[in-house]
Amino acid sequence: MDDEYTILTIDQTRQVLSTLIHAWFPEGERPSLPVTGAWDSIKLLGAVSDSGETFFLPCEENFNSDTTIRLLDALQTKFGEKICVVLDNASYFTANKVQEFAEGTPIKLCFLPRGSPELNPVEECWRRLNQALGNRLFDTLDELQAAALTALDDIEPPNVFTYLCP
């Protein structure tokens, strides 16, 4: 692969309205939070480039092959036509429709070994996001999304090569 290619690692996450990481309350008291049986969440796709740039995309729908194709198109718009995308083996990434889309472009898809999230630097972004959002209660998905995108703007992206070439 020539130097004109930008290497990007991508991954997805779902963030629920609140995640309890640690809780402290006075002895003998146990506060309660109103909850419903529904698991409202926001869905995010993220990318980290070999030059340390990030790209995060909120998704309205569940992840699928069409979502993946839109992400690949958005990544080409931001980073240029020649991209090498490193991704996991989720069904919406490995779908035939995605493979066929990539074949007609200068996009190269490189799949990580199954069960190896530790090789994907975007997982570190999600870990840091969980730390930033943990122990906070959001009343609406819009509040959660705004907080998540603000937190992601403040996250220092990990070095791609630390993960891919340990």
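**Salt bridges and their surroundings**

Modeller: Glutamate 124 and arginine 128 join their side chains in a salt bridge, at 2.8 Å from N to O; the term denotes a side-chain nitrogen of Lys or Arg within 4 Å of a carboxyl oxygen of Asp or Glu. This is a predicted model, in which local features need pLDDT of at least 70 and side-chain atom pairs count only at pLDDT 80 or more, while totals for chains, interfaces and linings use all residues. Residues are numbered from 1 along each chain as its sequence is written, and side-chain values use heavy atoms, with hydrogens and water left out.

Because glutamate 124 and arginine 128 are four residues apart in helix H4 (residues 121-133), about one helical turn separates them. Helices (H or I, at least four residues) and strands (E, at least two) are DSSP runs, numbered from the N terminus. Glutamate 124 is buried at 14% relative accessibility, whereas arginine 128 is partly exposed at 28%. Here buried means under 20% relative accessible area, exposed over 50%, and partly exposed in between (1.4 Å probe, protein chains only). A network of salt bridges links Glu124, Arg127 and Arg128.

The structure holds six salt bridges. One of them joins lysine 78 to glutamate 53, with 4.0 Å between the closest N and O atoms. This pair links distant parts of the chain, 25 residues apart: lysine 78 belongs to helix H1, and glutamate 53 to the loop between strand S2 (41-49) and strand S3 (54-59). Both partners are partly exposed, lysine 78 with a relative accessible area of 43% and glutamate 53 with 37%.

Arginine 70 and glutamate 61 also meet through their side chains in a salt bridge, at 2.2 Å from N to O. Arginine 70 is partly exposed at 44%, and so is glutamate 61 at 35%.

Glu60, Asp139, Asp142 and Glu143 form a negative surface patch; patches are made of residues with over 30% relative accessible area and no salt bridge, like charges being joined within 9 Å and nonpolar side chains (Val, Leu, Ile, Met, Phe, Trp, Tyr) within 5 Å. Within this group, aspartate 142 is found in helix H5 (residues 141-154) and is exposed, with a relative accessible area of 64%.

Notes
Areas by Shrake-Rupley, 256 points an atom, 1.4 Å probe, with all protein chains shown as cover. Lys, Arg positive; Asp, Glu negative; His and termini not counted. Charge placed at Lys NZ, Arg CZ, Asp CG, Glu CD.
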